[in-house]
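The exercises below are meant to be worked with the sequence and the 3D structure side by side. Try each task before reading its solution.

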Amino acid sequence: MGRRFDPITTEILWQRLIALVDEASINLVRSSFSTAVREANDYACVLMDARGDAVAQASVSVPSFICTLPISVKHFLRRFPPASLSPGDVLISNDPWMCNGHLPDVNLAAPIFMGRRLVGFAGAGAHWPDVGGNQYSAESRSVFEEGLRIPICKIVERGRENPVVIDFIRNNVNVPDRVLGDMRAQLAALRAMSDGLVRLVREYRLADFGPLAAHIQQLAEAEMRREIRKIPNGRYQGSVETDGFDAPLRLVATVAVEGAKLMVDYTGTSPQTERGLNSVPNFTYAYTAYTLKCLLAPHTPNNEGSFRPISVTAPLGSVLNPRFPAPVNGRTMSGHFLHAPIFKALAAVLPDRVMGESGGCPIWGPMWAGTHRGERFTHLHSANGGLGASVSRDGVSCLPFPSNVPNTPVEITEAAAPLLVECKALRQDSAGAGEYRGGLGQVVAIRVTAAQPVTAALRCDRTRRPAEGLHGGQPGATGRVLINGAVNADPKAKMRLQPGDVLTMETPGGGGFGDPRKRDRGAVEADLRNGLISESAARDIYGLAASPGDP
């Protein structure tokens, strides 16, 4: 086959590439030891060309890993140029400034060779169950407190694991068997991607992978540029305030459109904070690019070409571009909010595409840790708030955005840790009112059943500042964290809980869209009948009059 690809052949090859990456991701999930990967989908598999530019990704992956794995590979290549790589090598790092923004997220990449020729890279990122340090807490004042930082190195060299690196990892984590189990699950995914690409190239008698990769990327780039051209040239600004740690954080986005180029500048954003809420440039870029991809070209192939027309800048020393060694463990509590100022900035020119702010950002996910029956354990339980509403539909309840980490099933939490989920229910009146209402948050109550104290590291936001609505829509309810039903807990603290204690999370609702008084009467009645809103909300917010004969 030559270097030209007709549309039918392109589609067949594109679907084959996605299938082989999906197969690799299945290997990772089924081999993984941690619930973060198996249940929360906090991982990604990405196939890249020889430059480290993304070509295909797994169908189920988190946006941050998808965008940061190619960035990691480019850092890897600066440390290990192609001439220093061999078949069977695997590179690793979790450095936040080179990888996915905090230490628990670990990126592995393997060069793919055909003979002696480097043709691409397989990448697999995953949230490890533990990296030591301050166990997922946002309270740290330096990245050095947050756990083991792995420099770029070869964890596998010519097919053999590096025992020194393995020992460093084993001796610095609380649950080494689970951590190394997840690492080897990533290795299995890399092998599946590498073998699959070589088989595909040989089956279709391609001279190289490069021309096909470039063709797919060019198609995605052209589509993204067409969509950007539909936006009037200009500068558009939006902002959002988050709870912050000791004081609110302000995130300001200026979106500049010039022809087929789109630039996002975060000048005006709060300075970096002394606590672990800082988002490194990789993570800031990832959630900016993902938001724009959802907004402008959600149905096109997701690869490097989609993002070439987009540039992102944030002032050095800001919470979206902190100076090393800033703490970054809770970077979701700034990076996950970036959809809000971007949607606000573009609401006037793209009113039918934006949506109210998400109550599902950041993910509410306490990390539990302790000892049970003589063995150490860690467990991440995710509980999401509601999605924002849009111009034509209600927000989905208990659904995160912009991350896609799902809620942890009750059965998994109770099997993985000495915990009992006593309540899991939709939270009445938590959705932001509107012609289309936001999604509801949830109430989750978890009791400690261990015989000794355990710790729960919280990273919750929107407890003081709600998810705002758009175009007349009202904000969703703020969230709350309770201990034993009464004590209002610090939503960003690492707490020591006694046997029998109950941690209750009331997650935020999503912002509404449009005037609540214009909401369809049947929809209001259905929400009331299903217990999603109270009688007072139906009457006072939506103007639902009592039916004749009602008391």
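A crossing of two helices is called right-handed if the near helix is turned clockwise from the far one by less than a right angle, and left-handed if it is turned anticlockwise. The model to which this is applied here is a predicted one.

**Exercise 1. Describe how helices α1 and α5 pack, giving the angle, the hand of the crossing and the residues in contact.**

Solution. Begin with the geometry: α1 (residues 7-31) packs with α5 at an angle of about 160°, and their axes are 8 Å apart. Since angles over 145 degrees count as roughly antiparallel, α1 is therefore roughly antiparallel to α5. The hand comes next, and the crossing of α1 and α5 is right-handed. Turning to the residues, α1 contributes to the contact with, among them, Leu13, Leu17, Leu20 and Leu28, while the contributors from α5 include Ala185, Ala189, Met193 and Leu200. Sorted by class, this contact of α1 with α5 consists of 13 nonpolar, five polar and two charged residues.

**Exercise 2. Work out the strand order of the open sheet of seven strands, and find which strands stand at its edges.**

Solution. Reading across the sheet, the order is β2-β1-β5-β4-β3-β6-β7, with antiparallel pairing. The edge positions belong to β2 (54-57) and β7 (160-161), each of which has a single partner strand, so one side of each has no neighbour in the sheet. Within the sheet, β1 (residues 43-49) and β5 (residues 117-127) pair in the antiparallel sense over seven bridges, and Tyr43 stands opposite Ala126 in β5. Helix α5 (residues 176-203) packs on this sheet, touching β1, β3, β4, β5, β6 and β7, and its direction makes about 30° with that of β4. Helix α6 (residues 210-229), for its part, lies across β1 and β2 and runs at about 80° to β2.

**Exercise 3. Is Ile446 buried or exposed, and which residues is it in contact with beyond its neighbours within four places in sequence?**

Solution. First locate Ile446, which lies in strand β15 (residues 442-448). Its relative accessible area is 0%, so Ile446 is buried. Beyond the neighbours within four places in sequence, Ile446 is in contact with Trp368, His381, Leu419, Leu420, Val421, Asp501, Val502, Leu503 and Met505.

Terms used
Residues are numbered from 1 along each chain as its sequence is written. This is a predicted model: local features need pLDDT of at least 70, side-chain atom pairs count only at pLDDT 80 or more; totals for chains, interfaces and linings use all residues. Side-chain values use heavy atoms; hydrogens and water are left out. Helices (H or I, at least four residues) and strands (E, at least two) are DSSP runs, numbered from the N terminus. Buried means under 20% relative accessible area, exposed over 50%, partly exposed in between (1.4 Å probe, protein chains only). Contact means heavy atoms within 4.5 Å. Two strands pair if DSSP finds at least two bridges between them. Axes are lines fitted to C-alpha atoms, for helices over the stretch in contact, and angles run from 0 to 180 degrees between N-to-C directions. Angles under 35 degrees count as roughly parallel, over 145 as roughly antiparallel, 65 to 115 as roughly perpendicular and the rest as oblique. Ala, Val, Leu, Ile, Met, Phe, Trp, Tyr, Cys and Pro count as nonpolar, Asp, Glu, Lys and Arg as charged, and the others, Gly among them, as polar.
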